[in-house]
Amino acid sequence: MFKLLQEIARKGDVTAEYPFAPFPVSRNFRGKPEYAPTNCIACAACTIACPANALTMTTDPVAGSRTWMLNIGRCVFCARCEEVCPTGAIALSNRFELAVRSKADLMMTAEFTLTNCRFCRTPFAPTKEVNYVIARLVRQRLPQEEAERRRELYETCPECRRHANVMSRCRTLPAQEAQAA
Amino acid sequence: MRELGTPRRGQSYVDAIRQQFSAAVLEEAWQVDNQVTLTVDLNSLPEIVETLYYKHDGWLSTITANDERQLNGNYALYYILSMEGPVKSYVVIRGLVPPNRPEFPSVTARIPAMVWGEREARDMFGLQPVGLPDERRLVLPDDWPDGLYPLRKGTMDYRSRPAPSGGSETYPFLSAASGQTQEVPLGPLHITSDEPGHFRLFVDGERIVDADYRLFYIHRGMEKLAETRMGYNEVNFLADRICGICGFTHSVAYASSVETALGLAVPARARFIRTLLLEVERLHSNLLNVGLACHFVGFDTGFMQFFRVREKAMTMAELLTGARKTYAINLIGGVRRDVLKNERVRTLQLIAELRQEVTTLVDILLSTPNWESRTKDVGRLDPQIARDYSPAGPVIRASGYARDVRLDHPYAAYAGAPVKVHTRDGCDVLSRIVIRAEEVFNALSIIEYCLDQMPEGPILTEGFTYTPYRFALGYAEAPRGEDIHWTMLGDNQKLYRWRCRAPTYANWPPLRYMLRDNTIADAPLIISSLDPCYSCTDRVTMVDVRREKFATVPYKELERYCREQKASPLK
């Protein structure tokens, strides 16, 4: 009993001042995700990696837009999004105070315009993503004009690209067969 | 991997079974050197399982049912036994159940430990255990429609909720008591952890004659969710959330089951980081449990002190992983985060502080006058009952058996680590709590060992492909006993079947024997000594059978009675 009282006296008051003083967390602490839409290219890597489906993406083909959405109410703070993001558009901060008065405040959205396919005119890929790919090529020492020349390829939807491939194959095949004969 | 000529671990068990039941063994498949799956004739299955269990020191890890109709036209049942005789290995006995006659002979009559696994197979897959006396549902609620078996492939979407088939609870609670008793329902929320679980105590005066209980009020359908919605890596984060205490252990068990199934080598440094964090988790859990035990014997100052010290373990977890709980560290093939030098230094500081503080507190606790009188010889788990029910962790170690997966089947970096298994013969609450306290010090030494011996190198293996329908076991010793995960990979980047068993699943069935012949005031203390993963009720209804009278007592009142032992709510 005496030892216990001694221990209590020795330790004194251990209650933290929080919320009247900031509560320090470790440097690595995984808190609220911070999102920088300017960096985001809407590639959807984070929405695939997110185990909790806190990150989702929806496409509106009529408006030609894609909406990125983060629901912090579903977030499990695992930082997989941060790990897979190619442009560093999302990173977990140290902030842990997440209470809001309205549920809608837990939602974060960003809208991106889609590029129309040059052939079928259906919107298929975020414009920023196409630009990002071309910028990547330039950064990897491909001459600017050459990279721009490939723009047509990147602005063609996979469906039309496949179609074009098959068609060009069809055009060359009979000629080859004729040659072989 | 295996050197030619060296027999696989566990070969002796296979040979023994083949010798005794030569005609019954249909197929032998080795997943890894210490894991073998024997497909046997369904009718001989009970006898084979019994032979392994009682004659070859087998213990039940878990029972898994699996809908393999797409693979071989049948349902399969896997009885997973941890062999802990002179040779330590896992032997899995598999029986195929034809879909046109979904029945199998129950093993429960031979080994009581099987009861929950077989009841669950009936609920989730509609496989009837023939000869199982307990015909009640285990997992599914009373108002679940008949004939809807959630884990059968293609029965239902994980999001669908069938309309209730009835409006009332029909679950009968069973008592083995002879003569007149009073019934004391505890639940649907638990006393110690404020989680759901309904207990019915059959009492004679203050003495508990028998007890029955019903759990699974918060069944979250995680196995179904993982199978239908999540990729392999995502399930790591789901496994982190199975338990609020030993989540990381589940995540390690899951990741290693997939790695074993694929034969994937995990880098040494990753294995050390896993071991390190497993022990950090053990620290906080054990301190929490000892703290709660203080609370239930009415020593609230001790409770506060243990929680104050436990905060250092939480700080350590936050420092090393970025979160106090739900570490989110595992991926298939390794870990996501390295341990840096400054973190290592700070962790060693915290270890030194913890060692000194916990020593002081445990001394204080053990010299507190009413500590021993409240816990000694309370909630006895007889060694024979322990043998029959295969409980896990400190519960079995307090009944004299040195069972610990870290030593029996070393995983992560435990081979070589200074693991000490603490056992006691008291079989009571005191032994269980003292073991938890002793394991705190052992965990501190293992953390130091890991930080000291951690090799350099990569922490994650990448660039492998998943092979469909491979399966294996993963296991890890949580603070309360072993977590067992059995996984089968699918062909669509999702698990075909995931079975996870938390230690409490093995510790619940023998609880009724621990409660017998104790007083009502000790019930919360006994239940808390399991450190159960569930929840307890906020109110208690007392049924006086003799006078046919009901009385409802608030939960707080029962907790108060447990702490103060004054003014019985029954009077």
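1. Just after helix α4 of chain B, Gly126(B) takes a positive phi of about 70°. Helices here are DSSP runs of H or I with at least four residues, strands are runs of E with at least two, and both are numbered from the N terminus. The model is a predicted one, in which local features need pLDDT of at least 70 and side-chain atom pairs count only at pLDDT 80 or more, while totals for chains, interfaces and linings use all residues. Residues are numbered from 1 along each chain as its sequence is written, and chains are lettered from A and ligands numbered from 1 in the order in which they are written.

2. Helix α4(B) itself covers residues 115–125, and because eleven of its eleven residues are buried, it is largely enclosed by the rest of the structure. A residue counts as buried if 20 or more other C-beta atoms, placed from the backbone, lie within 10 Å of its own, as exposed if 12 or fewer do, and as partly exposed in between. Among the buried residues of α4(B) are Trp116(B), Glu118(B), Arg119(B), Arg122(B) and Phe125(B). The cover over them includes β3, β4, β7 (128–130) and α16 (503–507) of chain B.

3. Two of those covering strands, β3 and β4, belong to an open sheet of five strands in chain B, with the order β1-β2-β5-β4-β3 and mixed pairing. Two strands are said to pair if DSSP finds at least two bridges between them. The edges of this sheet are β1 (25–32) and β3 (58–68) of chain B, each of which pairs on one side only, and the twist averages 20° from one strand to the next. Between β3(B) and β4(B) (residues 74–84) the pairing is antiparallel over ten bridges, and Gly58(B) stands opposite Met83(B) in β4(B).

4. A further open sheet in chain B has three strands in the order β13-β14-β15, with antiparallel pairing. Its edge strands are β13 (471–478) and β15 (495–501), and its twist averages 15° from one strand to the next. Strand β13(B) pairs with β14(B) (residues 481–489) over eight bridges, where Leu473(B) stands opposite Trp486(B). Helix α7 (residues 247–262) of chain B lies across β13, β14 and β15, running at about 155° to β13(B); such angles run from 0 to 180 degrees between N-to-C directions, with axes fitted as lines to C-alpha atoms, for helices over the stretch in contact.

5. How do the axes of helices α9 and α10 of chain B cross? Those of α9(B) (residues 300–321) and α10(B) (residues 341–366) come within 10 Å and cross at roughly 165°, which means that the two helices are roughly antiparallel, a term used for angles over 145 degrees. Residues in contact have C-beta atoms, placed from the backbone, within 7 Å; Phe306(B), Val309(B) and Met316(B) are among those of α9(B) that meet residues of α10(B), including Leu350(B), Leu354(B) and Leu361(B). The residues of this contact divide into twelve nonpolar, four polar and five charged, where Ala, Val, Leu, Ile, Met, Phe, Trp, Tyr, Cys and Pro count as nonpolar, Asp, Glu, Lys and Arg as charged, and the others, Gly among them, as polar.

6. The contact between the chains takes 15 residues from chain B and 15 residues from chain A. On the side of chain B, α6 (232–239), α9 and α10 each supply at least two residues, and the largest share, five residues, comes from α9(B). The residues of that side divide into seven nonpolar, five polar and three charged.

Technical notes. Parallel < 35°, antiparallel > 145°, perpendicular 65-115°, else oblique. Contact = placed C-beta atoms within 7 Å.
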